[in-house]
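I opened this entry to look up aromatic ring pairs and charges over rings.

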Amino acid sequence: MRFAVTVATFVLAAAMPAMAQDVYAPYDPNPAPPVVAADDYGATDFVFELGIGGAVQPEYLGSDDYMAALYGIASVEYVNIPGIGSFGGRDGRGFSIGPSVNYVGERDFSDLRGLDPVDATYELGLRAGYEWDHAEVYGSVRYAFGGAEGFVGDIGANLIARPTEQLSLKVGPTATIASSDYNASYFSVSPREFLRSNGRFDVYNAGGGFQSVGVAGEARYEVFTDYFVTADASWDRLVDDAGDSPVVTKAGDEDQYYFGLGISKRFSLDLF
């Protein structure tokens, strides 16, 4: 054994000068510091995504009928502000913030006879989240105006799978919280509405709090560089005051389903 080790050491020592002659590189007195490839945007200061999609969703909150609707896609992937710092990362990794929008269709007399109609509701706000390689958490808050007024928001978390560099899959629990004035527009029943519906809908006062809980999923594929196709679906169960409302139990459905399909493009800008 000692003989074998001695021979091996001798051979290695003899080979090292020859090996060293084949290894050469220019000397850099000021080498660049190492960077994380996922966050190396070079001179780019602003990376965002825009797109459009179509969805199948309930006609109004608590409805058992469905409608087709268009929706916009807008998100911010990376921002760098000199003197302040940067946030975000490739494909949404890290901290992200962007707009949050939603649309709820109108409810008219033909939908629920005896109840007051509710015009279409528009919701505008912000969404923030943090994404790791295999998980994310997020939350959003929006102000509603139109048919319903008040605040509504979502919280959720996802597990993430990335089978390929182009494909990502997400699934996880979600919950919606709404203010009392928002919920009242869709789920309360006034004495006048009780009489006008011939007693079909009992008098009911819906308060705020959790509106629904459910599960949401997303599949996202980069067809070409910076061009994406995204399919997302969700199931939400109306709970608490929303789920107990006679508007839902007598003429609607506690289970609310959603399916959307969109296309989008990533843009990069050098602002500073």
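I call a residue buried when its relative accessible area is under 20%, exposed when over 50%, and partly exposed in between. The model is predicted.

**Ring pairs.** I searched the whole structure and got 8 aromatic pairs. I took Phe48 and Phe267 to begin with. Their ring centres are 5.4 Å apart and their planes meet at 20°, so I log the pair as stacked; the cut-off for stacked is under 30 degrees.

I then checked where the two sit. Phe48 belongs to strand 1 (residues 46–58) and Phe267 to strand 11 (residues 255–269). The pair links distant parts of the chain, 219 residues apart.

Buried or partly exposed? I looked up Phe267 and found it partly exposed, at a relative accessible area of 31%. Phe48 has 15%, so I note it as buried.

**A pair within a helix.** Next I looked up Tyr182 and Tyr186. Their ring centres lie 5.8 Å apart with planes at 50°, so this pair is tilted. Both residues are in helix 2 (residues 180–187), 4 residues apart, which is about one turn of the helix. Tyr182 is buried at 2% relative accessible area. Tyr186 is buried too, at 0%.

**Charges over rings.** Which ring does the charged end of Lys265 sit over? I found the ring of Phe267, with the charged end 4.6 Å from its centre. I also logged Arg220: its charged end sits over the ring of Phe228, 3.8 Å from the ring centre.

Technical notes. Residues are numbered from 1 along each chain as its sequence is written. This is a predicted model: local features need pLDDT of at least 70, side-chain atom pairs count only at pLDDT 80 or more; totals for chains, interfaces and linings use all residues. Side-chain values use heavy atoms; hydrogens and water are left out. Rings of Phe, Tyr and Trp (its six-membered ring) pair if their centres lie within 6.5 Å; planes under 30 degrees apart count as stacked, over 60 as edge-to-face and the rest as tilted. Helices (H or I, at least four residues) and strands (E, at least two) are DSSP runs, numbered from the N terminus. Buried means under 20% relative accessible area, exposed over 50%, partly exposed in between (1.4 Å probe, protein chains only). A charge sits over a ring if NZ of Lys or CZ of Arg is within 6 Å of the ring centre and within 35 degrees of the ring normal.
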